[in-house]
Amino acid sequence: MNELATRLAARYGARGWHDQRADLATIVLDADRLRDALAYLRDQEGYRHLSFATAIDNIERGVFTLVYTLRSHDKGHSLIVHADIDRQKPVVDSIHLLWAQAWTYQREMKEWYGIDFPGSPRVDEEFVLEGWEGPPMMRRDFDSLAYSDATYAERPGRATSDPARHMKEQLYPEAAE
Amino acid sequence: MKKEKLRVIPPAERANPDLESGKYLLMWQGPQHPGITGNMSLKLIVEGDSVVDCETHVGYLHRGFEKLMERRLWMQNFPLVCRIAVPEPDFNEYCYAAALEELAGIQIPDKAVWLRTLSLEMIRLASFLMWIGGQAGAFGHGTIIQWSVTMRDYVLDLFEELSGGRIYHMYIIPGGVRGDVPAGFFKHVLEIMDTVQKNLDDIELVMFHNVVFKMRAEGLGYIPADWVDHYGITGPNARAAGVARDLRKDLGYLAYPRLDFKTIVGQKSDAYERARLRLLEMYQCIDLIRQIVDQCPKDGPFREKLPNPLYWKIPAGETYVAAECTRGEYGFYVASDGSDKPRRVAVRGPSYTHAVAVMERLARGVNIADVAGLMVSLHTYPPEIER
């Protein structure tokens, strides 16, 4: 697979090839060459199957890391392609013309992270969060617990506690926070 | 001749009907509707009794699993992951457990490999049994579901005996499986498999030779082979189109390389072919379960010792672990930043593709009475779309 890494590096500036398993590798690309690289992988290298696409909020670095997982059934190999985009200006090229189901993933990323994919069908429509008015909920700076406490009233008689904390207090009282 | 005429490919472009013209009717099928799979809905625009446009609406079952997982310890996520695909929770358990083991560098004992394979094949059979009842019911065939759900209950009895749980088992955990097989369990498995097989023979006779089922299912929801890569179609929906892809063979995980089975493929992926292929896969399941019972080590450890789960930190890294579930490629992408909680867990469920992009296209031009049958023939579970 190193030949593929060399070709991707020469054509698209790909870097950081890492073999996670014999049948799975990861690689990093620049976001502005992402769509071309994915099209090349699909058409020229046999990675024709898009398993899924998602994002990770790397808030410490101020970026969203996009995750595209492709599979070549002929080679029996999967490739995870990463690309960082600026958290303040999260816009990236749409790949809905490459794979016919990709727009659903992009619609999800728009709703969950606020990442925009201009031109992607129905990208601004609500996906799973109907009537949601809060910030994109998968961002790391969205605290779901604080949101719930602020939004919903306490129900009397329903005390809750974090089981992990409870077990630590029970088993290791000296070490519990 | 007639079949060829029926096997139409729906247009790629969406229609743009003028709802004010009085020619069309907008109607919702779901979320509370017997002709829908789970908690989702279809927004249909119909002209006469033909569907002109279809939109899938999800979100009725969104529980924020992926967000919740980022707040919980690695081990605390187990009661969450199994709820992502309710009728077959074991694939979630396996993918999540295997991803953690890979990142943490844990090898599981051979007996656990076999017991995991057994658990996955048993839940595959149970899920298919539920599906075939739904498929028959969608075409007005109420008897089959009474038989098949009874058979599914027998398989759930086995899970209760094995794990204590009928629906959610949490049997597959990192390091292996939660417990050894109880005394006499394998004997019960073989007895139940004999019962289920006899019932499948009856189902085959009553359902697949029934003229109503044949007439309505043949040609319905035809998926050409070239859609498979374009739409990311996997599992029986792809195999019925003649694309021989089965991750059990292709990835060779767990004990599958040591089992004797062939990938079953069809020729034309319409509702009838998909149903027939799934029936054959149910027989294959029974055969695999018998092989597993025969070859599974009778003693030896079933679980590797794990670190203290309250203080378990997994080294930084990422992986994607996939398995072949009843509907196709089921996968977990897990990223760790070296802490005691996941950085990101993303679930890849086959319904994500089949119930949205594929369903919306296949519904165009379908008779409204066949929408339910088409939907079930794609075998979709909404929870894995919404997570």
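User: How many residues does the largest nonpolar core have?
Analyst: This is a predicted model, and every answer here refers to that prediction. In the largest nonpolar core, the residues with the most contacts inside it are A:Leu38, A:Tyr68, A:Leu79, B:Tyr94, B:Leu125 and B:Phe332. The number of residues in this core is 177.

User: Which helix gives the largest share of this core?
Analyst: The largest share amounts to 15 residues. They come from chain B, from the helix that spans residues 110-138. That helix is α5.

User: Which residues does B:Tyr94 contact, leaving aside its neighbours within four places in sequence?
Analyst: B:Tyr94 is one of the residues with the most contacts inside the largest core. With its neighbours within four places left aside, its partners are B:Arg116, B:Leu120, B:Ile172, B:Tyr253, B:Leu254, B:Val321, B:Ala322 and B:Ala323.

User: At what angle do the axes of α1 and α2 of chain A cross?
Analyst: Helix α1 covers residues 2-12 and helix α2 covers residues 34-43, both in chain A. Their axes come within 11 Å. The crossing is right-handed, and its angle is roughly 140°.

User: How many nonpolar, polar and charged residues are in the contact of α1(A) with α2(A)?
Analyst: On the side of α1(A) the contact is made by A:Leu4, A:Arg7, A:Leu8, A:Arg11 and A:Tyr12. On the side of α2(A) it is made by A:Asp36, A:Ala37, A:Tyr40 and A:Leu41. These residues divide into six nonpolar, no polar and three charged.

User: Which elements of chain A do the buried residues of α2(A) pack against?
Analyst: The buried residues in α2(A) are A:Leu34, A:Ala37, A:Leu38, A:Ala39, A:Tyr40 and A:Leu41. Their packing partners in chain A are α1, β2 (24-30), β4 (63-72) and β5 (77-86).

User: Is A:Leu98 buried or exposed?
Analyst: A:Leu98 is in the loop between β5 and α3 (102-113) of chain A. Beyond four places in sequence, A:Leu98 is in contact with A:Arg35, A:Leu38, A:Ala39, A:Arg42 and B:His230. Because its relative accessible area is 11% and the cut-off for burial is under 20%, A:Leu98 is buried.

User: How many disulfides does a search of the whole structure find?
Analyst: For B:Cys82, the nearest cysteine sulfur is that of B:Cys95, 13 Å away, and B:Cys82 is in no disulfide. The sulfur of B:Cys325 is 8.4 Å from its closest cysteine sulfur, also in B:Cys95, which is too far for a bond. Over all chains the number of disulfides is zero.

User: What is the relative accessible area of B:Lys268?
Analyst: B:Lys268 lies in the loop between α11 (247-250) and α12 (271-295) of chain B. Not counting residues up to four places away in sequence, it touches B:Arg7, B:Tyr222, B:Ala240 and B:Glu273. B:Lys268 is buried, and its relative accessible area is 19%.

User: What is the phi of B:Leu254?
Analyst: Most residues other than glycine have a negative phi. B:Leu254 sits in the loop between α11 and α12 of chain B and is buried, with a relative accessible area of 16%. Its phi is positive, near 45°.

User: Where is B:His379, a residue with a positive phi of about 55°?
Analyst: B:His379 is not a glycine, although its phi is positive. It is buried, with a relative accessible area of 3%. Its place in chain B is the loop between α14 (371-377) and α15 (383-386).

User: What distance separates the C-alpha atoms of B:Ala255 and B:Val113?
Analyst: B:Ala255 is in the loop between α11 and α12 of chain B, and it counts as buried at 0% relative accessibility. It touches B:Val113, B:Trp114 and B:Thr117, not counting residues up to four places away in sequence. B:Ala255 and B:Val113 are 142 residues apart along the chain, and their C-alpha atoms are separated by 6.1 Å.

User: What distance separates the C-alpha atoms of B:Leu277 and B:Gly266?
Analyst: B:Leu277 is in helix α12 of chain B and is buried at 0% relative accessibility. Its contacts beyond four places in sequence include B:Pro236, B:Ile264 and B:Gly266. B:Leu277 and B:Gly266 are eleven residues apart along the chain, with their C-alpha atoms separated by 6.7 Å.

Definitions and conventions
Residues numbered from 1 in each chain as written. Chains lettered and ligands numbered in written order. Predicted model: local features only at pLDDT ≥ 70, side-chain atom pairs only at ≥ 80, totals over all residues. Heavy atoms only, no water. Core = buried A, V, L, I, M, F, W, Y, C linked by side-chain atoms within 4.5 Å. Buried < 20%, exposed > 50% of the residue type's maximum accessible area, 1.4 Å probe, protein only. Helix = DSSP H or I, 4+ residues; strand = E, 2+ residues; numbered from the N terminus. Contact = heavy atoms within 4.5 Å. Axes fitted to C-alpha atoms, helices over the stretch in contact; angles between N-to-C directions. Left-handed = near helix turned anticlockwise from the far one by under 90°. Nonpolar A, V, L, I, M, F, W, Y, C, P; charged D, E, K, R; others polar. Disulfide = S-S within 2.5 Å.
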